[in-house]
Amino acid sequence: MNLLLDYDNFFLPAQDLESAKEFYGNQLGLETKFDFSDKGMIAFKIGKNEPAIILSTVQHTKPTIWFTVDDVKTTCEYLKEKGVVFLSEPFEIMTGLAVEFNDPFGNKLGITDYSKSTKV
């Protein structure tokens with residue numbers, strides 16, 4: 001059963017979004033996908049890919065990789081049966097639902113769906 005459909009986004013901590021804009025935008029030449037600096041986040045596109053690098057000033061942000069799934073709630077229940085321990089219940093985001101968990105090495109991963117949008 002292939003639950004994880006694709007990469008979604010890559011989250012990285014940032015202490016200063018202006019420095020992030022300088023490095024990722026000006027030095028690396030990446031295009032801004034969205035700029036929610038007022039909410040502590042900015043995202044940069046990588047080529048024509050949908051997934052983005054999202055930098056966040058939110059305290060305790062850890063590098064995190066999210067994957068897309070068809071349905072977060074169904075996938076969450078299936079993975080719980082497999083022994084995956086989630087960090088919270090699924091939560092709403094602008095495009096659908098998401099939930100996060102750690103792998104056995106402490107790396108943070110997450111799953112998300114696009115139940116609030118038309119993304120396939």
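1. Asparagine 26 has its place in helix 1, residues 17-27. Helices here are DSSP runs of H or I with at least four residues, strands are runs of E with at least two, and both are numbered from the N terminus. The model is predicted: local features need pLDDT of at least 70, side-chain atom pairs count only at pLDDT 80 or more, and totals for chains, interfaces and linings use all residues. Residues are numbered from 1 along each chain as its sequence is written, and side-chain values use heavy atoms, with hydrogens and water left out.

2. Asparagine 26 is exposed, at a relative accessible area of 57%. Buried stands for under 20% relative accessible area, exposed for over 50%, and partly exposed for what lies in between (1.4 Å probe, protein chains only). The asparagine 26 side chain makes a polar contact of 2.8 Å with the side chain of glutamate 22. A polar contact is a pair of N or O atoms within 3.5 Å; within protein, one must be able to donate a hydrogen and the other to accept it, and residues adjacent in sequence count only if both atoms are side-chain atoms.

3. The buried residues Leu17, Ala20, Tyr24 and Gly25 belong to helix 1. They cover an arc of only 90° around the axis, so they are on the same side of helix 1. The arc is taken over the directions from the helix axis to the C-beta atoms. Glu18, Asn26 and Gln27 are exposed on the other side of helix 1. The cover over the buried residues includes strand 1, strand 3 (41-45) and strand 4 (52-56).

4. The two ends of helix 1 can be noted briefly. At its start, a side-chain oxygen of aspartate 16 comes within 3.2 Å of the backbone nitrogen of glutamate 18. Glycine 29 follows helix 1 and has a positive phi, near 75°.

5. Helix 2 (residues 72-81) contains threonine 75, which counts as buried at 6% relative accessibility. Leaving aside residues up to four places away in sequence, threonine 75 touches Leu3, Val69 and Ile111; contact means heavy atoms within 4.5 Å. The buried residues of helix 2 are Val72, Thr75, Cys76 and Leu79. Viewed down the axis of helix 2, they fall within an arc of 105° and so line one face of the helix. The face turned away from that buried side carries the exposed residues Lys73, Thr74 and Glu81. Strand 7 (97-102) and strand 8 are among the elements covering the buried residues of helix 2.

6. At the start of helix 2, a side-chain oxygen of aspartate 71 reaches to within 3.2 Å of the backbone nitrogen of lysine 73. Just after helix 2, glycine 83 has a positive phi of about 100°.

7. Strand 1 (residues 6-13) holds asparagine 9, which is buried with a relative accessible area of 11%. Its side chain makes a polar contact of 2.9 Å with the side chain of aspartate 8. A polar atom of the asparagine 9 side chain also lies 2.9 Å from the backbone nitrogen of alanine 52. With residues up to four places away in sequence not counted, asparagine 9 touches Glu50, Pro51, Ala52, Ile54, Thr64, Ile65 and Trp66.

8. Isoleucine 42 sits in strand 3 and is buried, with a relative accessible area of 0%. Isoleucine 42 and isoleucine 54 are 12 residues apart in sequence, and their C-alpha atoms are 5.7 Å apart in space. Not counting residues up to four places away in sequence, the residues that isoleucine 42 touches include Leu17, Lys21, Phe34 and Ile54.

9. The largest pocket holds about 710 Å³ of space. Of its 26 lining residues, the closest to the centre are Phe11, Met41, Ile54, Trp66 and Ile93. On a 1 Å grid over the protein atoms alone, a pocket is an open set of points where a 1.4 Å probe fits, with protein on both sides within 12 Å along at least five of seven lines; lining residues have an atom within 4 Å of a point. Strand 1, strand 2 (32-36), strand 4, strand 5 (64-68) and strand 8 (108-112) each supply at least two residues of this lining.

10. Histidine 60 lies in the loop between strand 4 and strand 5. Histidine 60 has a positive phi of about 70° although it is not a glycine, and it counts as exposed at 67% relative accessibility.

Notes: Points joined across faces, edges and corners; volume = space filled by probe spheres on them.
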